[in-house]
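Hi,

Here is the structure I said I would pass on. Have a look at it first, and then read my notes below.

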Amino acid sequence: PAFIRTRVAWICMQISLLIAAVAAVAAEPPWYQKTWYPYLFDCSDSADWRDQYDSACSAHSANECDVETRSACPQTCGLCTPSSPKMVIATPPIMAAAVAFLFIAYLYVRIDAFPTGAEVGLARVDELSLKIKSGARQFLETEYAYLAVFVVGLALTLFFLFYLTEDENAYTIALSVSLSFVTGATLSASAGWWGMMVATDGNAKTTAACAGDRANGVPGSLNAGLNVAFSTGAVMGFAVVGLGLAGVSTAYVVLCSIYGDDDQALVMQCLAGFGFGASSIALFARVAGGIYTKAADVGADLVGKVEAGIDEDDPHNPAVIADNVGDNVGDVAGMGSDLFGSFGEASCAALLVGASSPMIVAAGWGALMFPLALSGVGILVCMATSFVATDLMPVRDEKGIESALKMQLLVSTLLMTPCVYALAVTLLPAATCGMCVGGFVVGGVCSSPLKAFFCVGFGLWGGCVIGFVTEYYTSFSYTPVQEVANACRTGAATNIIYGLALGYKSAIVPVFVVAFIVFGAHSLAGFYGISLAALGMLATLATCLSIDVYGPVCDNAGGIAEMCELHPSVREKTDALDAAGNTTAAIGKGFAIGSACLVGLALFGAFVTRLSAEGGITTVDLLDPITFAGLLVGAMLPYWFSAMTMKSVGMAANAMVIEIKRQFDANPNLLIPNHPDRPDYDTCIKISTDASLQEMIAPGALVMLSPVLCGVCFGTRCVTGLLAGGIASGIQMAISSSNTGGAWDNAKKYIGKGGLNDLIARVEPDVVNELGDVKQKKSQIYKAAVTGDTVGDPLKDTSGPALNILMKLMAIISVVFAPLFLAIKDGDGLLGFVVHDKDVAAAHDAVVAATRRLAQVPVASPAGGGELVAMAFGLVVGVGGVLAVQRATAPPRAKAAKPALVCRAAKVEGTPVEPRLLAHTASLA
């Protein structure tokens, strides 16, 4: 209702004003104590500076140094002055977050101005939208109830873990890490919930805007539908950035007030819990949402389109509501939590690495808060850019939709570039003496404000390149997807072969772009540069997420129009909006994957920085056997993770297919066009809900336990290899999976829009009616495309997007649990107790020594527990060889029975459906 929307807008404005008031009042907080900074710079240019330091800082007032000292080393002389209050510099990011909430209030008012379905005489539109919203709300409530138990349990685990491993301030540190984790998890879940709620409201208004008010002579228009859908997506975009920026800034200021300005390493250790909590929720939201939506989508495609010959969004399809619910919980709530986690982790990584530089710390809070200032300015830039698509470039035809959306991305990137330069030269230090004149030292690299600007620019523009390359390989406007569509003429097999080849090929350019960003940014500013590049790619996150969420909103609008059996012109408009949404969604996924790789690598650098600060390793040596072993295992994890998620989708889709067939068999009227009978939607919703919540646990446990077990058992060097392998393998698999699925999806849409009508009419004349119209959706070519799209659904919407979180979450977990790893045999893990030498790599020498003894070659004295390692290794290899021989010589197994997936509920030729599966489906019904 309108009064509720107005109330929500009013509440957002009040929250924003309250945040602004608190920030202003806290400019001189009572808990702030003025302290002197320690001497941090090596000012060799000032011969007598070391002798003058104590007298200069103690003999002069708080706001001045003597002229001689200031002229010799003005940057260092600044250290003689007290630090400025934290909230003075922390206020701009918090104020930017408040502005984001104010803009959200404006967007709510703008969306409320568009008519609902009932206001244009289409009450059925609102009813279906309410049903979709109710299903999405029910799923998220159930999911968040499970996750609440998980968050509380893990928070308690973190508390006791840090309480037992820390020597000083154990209680305070343990409590800070736990509360940071809970805060990040809560805000991540809030971002997903907020986006899902507004998306389920916007889909009905988009349908109504495309339909128009025919009773009063108001026609529907593409521009009105675009305005509603884009404004709905913008609410999600600014909510994610606003919540993330406010959360990180507030947590940082509170932690600094607890531990003081001088112990930035401890502050960052506690702040890492925020990113851990955000990504933990994102992982489960992504996996569960992906399984939910693809189980319904695959079931609707296989039975509805391929077998029954009805449309995916036909109201007679039992899975149609579950499919539309899945678009919201997977593509909206899941994506929102995912990018919230990326934003939080990138900010934490940049702050952590930046705080390891004495020169950045000494320069004051402006330099320390530079990463958050980037995000704050990004909010203002995206806010100004949002009016391009809605006001400055009104859409008049279908071609203008995609241009308007892509223009958003280009304009925001162009406007952000000079803002980044201004922030860099204003906030970052430029020393006038010492070893790095004109810049600052971070991570052993002499950087400068200009170099930091280039690092951010690499990420900012690299994201655009990755996005547009992704568009080229997934849009049916270009050759690659058209080639995949043409391959359907010879069946589904060639379609799948072409699609897989396209996905592998599409990873080439993005990987080279990311490699260039990594090399360039690290050369200019070390791991700090990589973290800045990650933030640069996320600087226009509000715009990217706006055009990404726009897609699912338009998809739902088209489904509602189909279920309401509105005039075909309405579906044509929603399909035109949805076609552009598919392209923008592909661009958004490219951004998400690229930023996830950079965030994971930045956190990897933060992990190594953390270890070196605690006396652990300082470099990663791939020739170290334990490191290389971790590399191999890490490269395998994305495949293991993808196998688990894809199998989960297959199991849920199997149950969904059987249920849909059961309903069609029980009520044949559902296969009659325009028949008033309707299926049982709730059973399909329950199947997707139960399957997604049960199957999300194992993949999540794999990602979260892998770095912990690796660090505890094999030490920190193995963890570094694990992270490197996971990132290197994960980005390529994520890109190929997402683009393969996207190409198959758009190849199907290309055929459905008539792109191969001439070919279909020539090779399948039976699908051409007496008027010469080609019914392409009845052709075998289209059904081959549907099969490819069905195979690609779990790739592009479940496994591929979830791999983003795998790269980030393993890294942030390593950062958080670094103290635990170091506490076990000085970072060597439990393996260090078996191999007595401190260097675990000595196990390699022990294996060689044992081999030589077997060959009766004289060797030196035994190397501690190396013999045990060699013996265990030989035992495993020997037993494995015996089992392999037995397997090879065993008689062939009986031919497998026909799978239940292709049986028509035990009423077709072949092996009947397994009784347990039928019993399970019957119990759900």
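Predicted model: local features only at pLDDT ≥ 70, side-chain atom pairs only at ≥ 80, totals over all residues.

Leu175 sits in helix α7, and it belongs to a nonpolar patch on the surface together with Tyr163, Leu164, Tyr171 and Leu179. Taken together, these residues have about 550 Å² of accessible area. Two helices, α6 (123-165) and α7 (170-211), each supply at least two residues of the patch. The biggest share comes from α7, with three residues.

Next, a loop residue: Arg678, between α21 (625-666) and α22 (681-695). Arg678 is partly exposed too, its relative accessible area being 33%. Pro315 is 363 residues away from Arg678 along the chain, yet their C-alpha atoms are 7.0 Å apart. Leaving out neighbours within four places in sequence, Arg678 is in contact with Pro315, His316, Glu565 and Leu670. With His316 there is also a polar contact of 3.4 Å between the side chains.

Last one: Gln776, in the loop between α25 (757-763) and α26 (780-816). Is Gln776 buried or exposed? Gln776 is buried, because its relative accessible area is 14% and the cut-off for buried is under 20%. Not counting residues up to four places away in sequence, Gln776 touches Ile751, Gly752, Gly754, Asn757, Ile760 and Tyr782. As for Gly752, its backbone oxygen lies 2.6 Å from a polar atom of the Gln776 side chain.

Cheers

Definitions and conventions:
Residues numbered from 1 in each chain as written. Heavy atoms only, no water. Patch = residues over 30% accessible without salt bridge, like charges linked within 9 Å, V, L, I, M, F, W, Y side chains within 5 Å. Areas by Shrake-Rupley, 256 points an atom, 1.4 Å probe, with all protein chains shown as cover. Salt bridge = Lys/Arg side-chain N within 4 Å of Asp/Glu carboxyl O. Helix = DSSP H or I, 4+ residues; strand = E, 2+ residues; numbered from the N terminus. Buried < 20%, exposed > 50% of the residue type's maximum accessible area, 1.4 Å probe, protein only. Polar contact = N/O pair within 3.5 Å; in protein donor to acceptor, adjacent residues only side chain to side chain. Contact = heavy atoms within 4.5 Å.
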